[in-house]
Each structure stands twice: as C-alpha cells, then as structure tokens.
Amino acid sequence: MTDKIKIDIVSDVVCPWCIIGYKRLERAIDELGMHDVIELEWQPFQLNPHVGPEGENLREHLMGKYGISREDSDRNRQNLTQLGQELGFQFSFFDEMKTLNTRDAHILLEYAKEKGKQTALKLRLFDAYFSEKQDISNRDTLAKLMEDVGLSAEVGMVKLEDAKAAKTFSDTQNYWRGLGVSSVPTIVFNRESAVTGAQPVDVLKQILKELDS
C-alpha cells in the first residue's frame, strides 16, 4: 500500500481523554511500525467555549456539568493518573486547577499545522496544562510554548488578532460539529469512519491493520 492513512483527531487541549486517546493511538502505530503511512492532523473542538478568560474551577465545573460528587471526581482523577502513567504521561491534578477557554490555543494549532509543527505544539499544550499546571489561555504562556517547539511567538500573537484566522477556526470547528462530532476525542480514519473516546490499543491496531490491508 502506498497511500497514506489520513487520521483526524478532533479534540481539545483541556480534555484528559484526548491525550489518553492519542497516546494509545501512538502506541498502536508504534507496535505496528506504521509511522511512514500515517498522516495525522488535529481538528479543533472547544469543550467549554463559554468559559471566560478567568477560567472556572475544574472540579466545580465538572460536578455541575455532570452531576458528579467530589468522591466521583477524586476517583476519576486517580483513574486518569494511573492510565497516564501506563502510557508515559503525567497528570498533575490539583484543587485550584481550572478549565480554560481554548480558542487561542486552537488558532495557534492551525498556524502550527502550516509550519509542520502541529503535533509538537499540541503535545506541548497537553504537557503544560495537565503536567505543569500552566494557564494555557494566557497569551504570554502561549507565546513561550510556541517558542518551545520552534515557532514564532510574534507571528502567533498576530494570528490571534487576525479575523481570517478566527474565522478559519470557527468554520473548521463548525464543519466537524456539522458532521455529528459531539464528544472528544473523535478519531476519524480517511474521512470515512470514526471512533469516539479513548479506544484500547488493540482496537486501534485492528482498525489500522484493516486500513493497511
């Protein structure tokens, strides 16, 4: 097979299951030795577009949104932390952790795609938010994270004020929502089939093998 397998991951950078899902996909690709036939692109999905610039306490936000108890929240965090450890990713949850507005991050990820550094920036954002307790809605923080992966912070900040860049982000997000994407992560294969949630490695391997046959 000479054609690439196109994988779109619709996700948000404040979604813990999105990094779990990616790490499982990465492991599936590694175990199959399929790096050369995969073309990966990240697509935007804001989990909480109405969150203001100050953010919202993450635990309180989730308890209100899903009606879960503090005990449920603790169990969920423990589970995610363990899953992350199994995949080589560190979750550092803390009581003051906030869910944030990720509009700016998504606009910068589109710019990073143009420069061939989209996955690098996406992973840097995941690390900054979940592992390093950084505010990834803060533009000074975003500028530093861009520089960390070799991108121009100056150009990135200009993009955040650019109406065309904002419209591209909005149109792209609406495109995927229009296709029925309502939860993240959603992993789309060759724009033909999709799975939602952080699927097990074996499930992802089976999908990839079928697409490569």
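Guide: Contact here means heavy atoms within 4.5 Å. By that criterion I136 touches V13, V14, L100, L125, A128, Y129, L142 and L145, residues up to four places away in sequence being left out. This is a predicted model, in which local features need pLDDT of at least 70 and side-chain atom pairs count only at pLDDT 80 or more, while totals for chains, interfaces and linings use all residues. Residues are numbered from 1 along each chain as its sequence is written, and side-chain values use heavy atoms, with hydrogens and water left out.

Visitor: What makes a set of residues the largest nonpolar core, and which of its residues have the most contacts inside it?

Guide: A nonpolar core is a set of buried Ala, Val, Leu, Ile, Met, Phe, Trp, Tyr and Cys residues joined through side-chain atoms within 4.5 Å. Buried means under 20% relative accessible area, exposed over 50%, and partly exposed in between, with a 1.4 Å probe and protein chains only. The largest such core has 61 residues, and those with the most contacts inside it are I7, L121, L125, I136 and L208. Helix α1 (residues 16-32) gives the most to this core, with seven residues. In soluble globular proteins, nonpolar side chains tend to be buried together.

Visitor: Why is R59 called buried?

Guide: The relative accessibility of R59 is 6%, and therefore R59 counts as buried. R59 is found in helix α2 (residues 58-66); helices (H or I, at least four residues) and strands (E, at least two) are DSSP runs, numbered from the N terminus.

Visitor: What makes the pairing of R59 with D74 a polar contact?

Guide: A polar contact is a pair of N or O atoms within 3.5 Å; within protein, one must be able to donate a hydrogen and the other to accept it, and residues adjacent in sequence count only if both atoms are side-chain atoms. The side chains of R59 and D74 meet this at 2.8 Å. The side chains of R59 and D95 also make a polar contact, at 3.3 Å. Not counting residues up to four places away in sequence, R59 touches R70, S73, D74, R77 and D95.

Visitor: Why is F169 called buried, and what does F169 touch?

Guide: With 8% relative accessibility, F169 counts as buried because of the cut-off given above. F169 lies in helix α8 and touches P44, Q46, R103, H106 and I107, not counting residues up to four places away in sequence. F169 and I107 are 62 residues apart in sequence, yet 6.0 Å apart in space, C-alpha to C-alpha.

Visitor: Why is α5 described as largely enclosed?

Guide: Ten of the 14 residues of α5 are buried, so the rest of the structure largely encloses this helix. Among the buried residues of α5 are L121, L125, F126 and Y129. The 14 residues of α5 should span 20 Å, and the end C-alpha atoms are 19 Å apart, which agrees.

Visitor: What makes β1 and β5 a pair of strands, and in which sense do they run?

Guide: Two strands pair if DSSP finds at least two bridges between them. β1 and β5 have four bridges and pair in the antiparallel sense; in β5, V188 is the bridge partner of D8. β1 and β2 pair in the parallel sense over seven bridges. Five of the seven residues of β2 are buried, so β2 is largely enclosed by the rest of the structure.

Visitor: How many disulfides does a search of the whole structure find?

Guide: A disulfide is a pair of cysteine sulfur atoms within 2.5 Å, and the search of the whole structure finds zero. C15, at 3% relative accessibility, counts as buried, and C18, at 0%, counts as buried.

How values were computed. Expected span 1.5 Å × (residues − 1).
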